[in-house]
Structure formats: structure tokens, C-alpha cells
There are 2 protein chains.
Amino acid sequence: MRTLLLLTVLAMTVASTNCTLTAQDLVEFDTEVYATGLDAPWGMAFLPDGRMLVTEKPGAVKIVDTDGSVSLPMTGIPEVCACGQGGMLDVQVHPDFENNSLVYLAFAHPIMQGDDKTSFTAIARGELKGNGLENVEVIYQADEKFYTKRGHHFGSRIVFDADGYLYFSIGDRGEQDKAQDYTNPNGGIHRIHDDGRIPEDNPFVDVDGAQKSLWTYGNRNPQGVDVHPTTGAIWAAEHGPRGGDELNHIQKGLNYGWPTITYGINYNGTIITDQVAKEGMEQPNWYWKPSIAACGMSFYTGDQFPAWKNSLFVTALKFGELHRLSIHGGSVIHSEVVSKFEGRPRDVITGPDGNVYIAIEGETGRIDRLVPKSE
Amino acid sequence: MRTLLLLTVLAMTVASTNCTLTAQDLVEFDTEVYATGLDAPWGMAFLPDGRMLVTEKPGAVKIVDTDGSVSLPMTGIPEVCACGQGGMLDVQVHPDFENNSLVYLAFAHPIMQGDDKTSFTAIARGELKGNGLENVEVIYQADEKFYTKRGHHFGSRIVFDADGYLYFSIGDRGEQDKAQDYTNPNGGIHRIHDDGRIPEDNPFVDVDGAQKSLWTYGNRNPQGVDVHPTTGAIWAAEHGPRGGDELNHIQKGLNYGWPTITYGINYNGTIITDQVAKEGMEQPNWYWKPSIAACGMSFYTGDQFPAWKNSLFVTALKFGELHRLSIHGGSVIHSEVVSKFEGRPRDVITGPDGNVYIAIEGETGRIDRLVPKSE
């Protein structure tokens, strides 16, 4: 199945001219189905050999071979709480994977408390051997007192920066006021070493009672986190309330305001706050109103689409859209919808081949990819 | 005629809740026709008494009374070249109008050169007396050698800053390379005293051969210019090539790149340049791709719509749209389409009553206004 998609930039007049169109003017691509038969794919990560790890939210991780064929569920995968928005969520590969074979998973970690099945976002790692993980250990786990029966806002996106620090997100877990309180792990971006140790320069390491892994707080449900390819800055897309999806430049120790300030309202139409800005709280670098239900995001780092180099792709659950934002000097200077998909795009990453891979949840869970238009 | 327009932010569920909606969450407005029978209205300016001056592109200026009734054409108005995009374009009122009655006009000034009717953007001022201007003088006029038969890109938007300097725009007049050459007045924002004298601190006053009135250059066709209500910064919307409409923060002496860099291509699909960025040239703060055909723009300074305070309104000829951009810390952090109109919205300003006035060119040239929704 191939679908030809043209950006709206060009009308048919182009075909009749003799000029050479350059990349920033003409971006034509085909959308290919790369892998099918996936059950609610949520996160993707490429291995150095070109194979892809993909999570399935109900609780599996699979390997997609370079021909798009999908493996059996990997063995050695931790049990998850497939509850509400929880499950097996993101996957990431260690920057030095070729030497240590380490794979990281973010998931809804279940604990029985009395008769209650509670969960919280946790991070595990293990060594990839064949079609399984070995020596799996949970390297981040919150105190049991934070575990909850709620199925909301797990965050869960994982990324490594150039210095090897591991960042991951945790949503407010449906208890929004906790996002303003750094004595709990809810509603923030966390930063740890690759083995789970707390970096000594984390912003709250010397604060009594604070969560030492927190890097920022006041984040509602960041489901997209990535490192800017040239500046090294951390950016996060925050799945917000209605009208309050945000894109933030994530900086050490800062408070991103949720729920004290927001551009959104509750989905039932009730008010969260009457403030959109406040001293000591960061403004978003971008907000979507109406909401797009932002999920996975990543910067495009390939060579197949020069016009998209370093652009930020953001998936939108609400309209099945893939958005592209141009960022210059820390500011968003352009936003467009690149494509629409059947289903809910959950994650987007650049492949080692320079194509753009999109994990799509839907009746036929699958991975699509955008490739340069064939002649 | 009243049309009820609701922002898409709210679904009908809101009506059934008991909460109090605050302004940033709910912006409801009616669109009223304020004045009709206008011939291609292009620029608007309010007088302190609440009446409005409006230009008609073919060559007239009229006064719209507070009840929306339109005067006969004002007397004493300079002759214009109603050629192509040229004509009677913008109008502005002196900040000290109550004492000096001065009104400013930007227009396509005609000069016969041999058998050729040529024109260039000029600025005139005169004293408003009754339904006419008296003591009219042209305070800015380019050297005759720059006049051209071309009907393209006059720029022409006028604004005063808080210090009383007068800024106005001139497009590249269809000779795009001239925008990169500050020895001609094409393609730039100009800055003069209210009587036409050149400020001593203009960036090119000491440069041999330069146009002393230039404040910036490398601007294609800025048809919207305004002063940010809190920062005092000058912003300009530049009607670009296809895919290259820009919003720029206008700063002294800087080069905005046209046509050396642009995100757009020619309307016939041919390439202008393969560069979107270059050292020594400014990136836009925002660009529209696909183009919207940006025209007049202004910051909202009224109290009728608190959620819109200090937002930037931009008119779009292409889709008949009114766009609203939120600007924070010099960056655009949100963009939305507020409304669509029949016709081509040419200009938008805040009225002294806090309502939003839009001049619309079309079969029935008129001025619409957005007012808070009636109960």
C-alpha cells in the first residue's frame, strides 16, 4: 500500500516549470506501511544494526526486523499494569549499546497494596540477548506511597543527552496538585545516571524531602521528550488539558506551572485556573489551542528530507496528525501539519535510513514510515 | 446583520456546567458590519473623538462617524497613482493630534517621466479641518530615479512609536534585489521625525550613498507594522512570496534577508534562493507556509476581550482570515484563526471602545467589528 502525499506548498504549476526545485521548497514523500499486527504500539527505538524495538502498551516489547517483520514478544520483559493509560510505554537504547547491549523500558509498574492493584511509572534496563532481555533491573522506582489505582498520566518518555544522562517523564498521575510539589515524583522530568544513581548536580539533591531525581516540575503529562540535535537542549511535549497542550524547553530546576497556570480548561469545560502566567513559572515555547493531544515527539536528524533537518515532529492523537515545528534560537517560528494517519500516532522517530517512522495505535496497530517520493 | 462566531475551544458541554468561565478560556464574539459602501478600504485610524479615518485604495480618504455612517471623500487629499497594488494606502493620526490635528497618509505618489506614469511610496501629512486636510505637505518622497512604472509592493503601513518617531514600510517595488541594497529605499522599514526630518541616530545616516531614512532592509513587502504595547518593539508582517510570509521583530539597522534568504518560492513555482538562513541576516519570528498573504496587523490593546490583550492580529488576504498570535518574550507561542470573512481583510485595529475593527476589500467593501457576544 502506497499513498502519495504532497505538501500543500506546491501547486501543479511546478510540474510545468524547468527550474530545479530545492529541498526547502518541495517536500514530497510517500507513506509506506512498515510493520503491522502490533497491539497499541507506544514507543520505538532503533538498534545500531537497523532493527527496531517497539513497545506494545498491553505489556510486550517486540523487535521489528529491517524488512518490517515483527518478532514474537521478547522474553524477560517486566510485568506491567495495563491499567488505563498505563502499560508498557517507552523504550530506549543506551548510547553505548554496541558495548553494553543495554535497553531501557518505561512502564506502569504494578504493586498490590492490600486488595488494590496500584502502579507508578518505573524505569527498567536489561541486556538484549537474542529475542529477550537478561539481567533486568528496575533502576527507577518511586516510593510505594506514591503508587495509586489511578490510570492517568504516566508520562514515560525516555531520552539520553550527549553526556549520557537519562531523562524520563512522569505525569501528574491524575492528581494535578502534586505537580507543584517536588516532594513527590508526579508531574515532572527526571534525570538519572544510566544505572539509576542520582546525579550530584540535580537541582533538588540538597532540598529536604524533595525527590532527588527531579529535573523540572509543574509538568502535567509529558509524553514526548527529546534532545535538540544542535543545541543539546531538552524539549518536552506535554499532553495538556483541553486547549493546554504545551511544548517546553526543559531547563534545570524550573517550574512549568501546571496546574497553577495553563492555557487550557478541563475536558468537561470546567475551569482549572484563571491564570495563564505567573512569576517563577515558565511559559511554554508553544501551546496548541484547540488541543491536538500531543504524544511522542522527536527532532528529525536524517538526510532523506533536508528541508526537515532539525525540525521537531510531534504526534497528535486527536486528529491523527503529524506536526512539524521549526525552531530557531529557542523559539518556534513555524508550525504545519505534515500528514494525517488512520489511527492515533503515538511516537515518531528518525530511522537510521533517514526516513521518518510513526507508531500508530488503532484497529490495525502498525508502524508507518515517510520516505522520499519515488520517481 | 449579526453572525455568531464561537471559538472552537469550547464544545457544547460548557453550557451545561455551573462553573464561571474566565476570559482566557472562553472568547465569544459577534461580528457586526460597522460601515459599508467603501471602495477597497486599505487603512484605518481612529481619531480621539471616536470617529475613524479610512482610506480607499483608488484614491480617497473618508471619515466613518461613530454610528458607522461614512462621509463624502475628504478634500485636500493628495493625488495617487491607482496603479496595480498602489493607491491611497495607509492612514495614521499624530500622537498629539488633539493639539496639532495632524493626519498622515501613505500612498503611491505619481510622477510623469516622459510619457510614463511612474510612482513610489510617499508620506504626506495635513491638518484635519472639517471633512478635509489643509496645509498638506509631502514629508517623505524618494528620489525620482527610484520611481517606476511597476505596480508592485508599495509597503505603506505607518506607525508612531512611544518616542514619536514615525515608521513606515516600503516594499521592494517588484525589483527584489534592491531590497538588499541600502542605497535605494526599496524593501525596508523607514524611520523619520513627524515632519520628515531624518533622526540623527538612524543606522545609515553616516553611510555614503545610503538612504538615510532606512531603519531596516531586506524586507519584501511589509504591509503590517505596529508597536508592541508593552515592550515598545516594532513588529512587521511581510507579505512574502509563496510560502514566505513573515513576521519580524524590526530592529535598528538589521537585514531581514529578502531575497537572499526566504522560506518561500515564486508564485509560478520557480526558485528564488536555496537558502533559508545566512549569517548577518535575521530569521523571521514566524513564517506562514502555506502563505496566508499577510496584510495589516496590530496588537490588541482593548479591554473588551481580556484573553486577547496584547495579542497580535494579522489579516490574511488569501483565506479571508483574521489570525491571532500570542507573543511572549519576543517569541510567538501560539497561532490561531479567530474568524473568517467574506472578502479580503486589509487592516485590523483596536477601537477606542475595545472592539476589533477589520477593513475588508471585496464586492461590498466594508468595515466589520468584533464585539463581545450579546447575552
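Throughout these legends, buried means under 20% relative accessible area, exposed over 50%, and partly exposed in between, computed with a 1.4 Å probe on protein chains only. This is a predicted model, in which local features need pLDDT of at least 70, side-chain atom pairs count only at pLDDT 80 or more, and totals for chains, interfaces and linings use all residues. Residues are numbered from 1 along each chain as its sequence is written, chains are lettered from A and ligands numbered from 1 in the order in which they are written, and side-chain values use heavy atoms, with hydrogens and water left out.

**View 1. The disulfide of A:Cys81 and A:Cys83.** The sulfur atoms of A:Cys81 and A:Cys83 lie 2.1 Å apart and form a disulfide, the term being used for a pair of cysteine sulfur atoms within 2.5 Å. This link is right-handed, with 140° about the S-S bond. A:Cys81 counts as buried because its relative accessibility is 2%, and A:Cys83 is also buried, at 17%.

**View 2. The disulfide of B:Cys81 and B:Cys83.** In chain B, the sulfur atoms of B:Cys81 and B:Cys83 are 2.1 Å apart, and the torsion about their S-S bond is about 140°, so the disulfide is right-handed. B:Cys81 is buried at 3% relative accessibility, as is B:Cys83 at 18%. A search of the whole structure finds 2 disulfides over all chains.

View 3. A:Cys295 is buried, with 0% relative accessibility, and B:Cys295 is buried with a relative accessible area of 0%.
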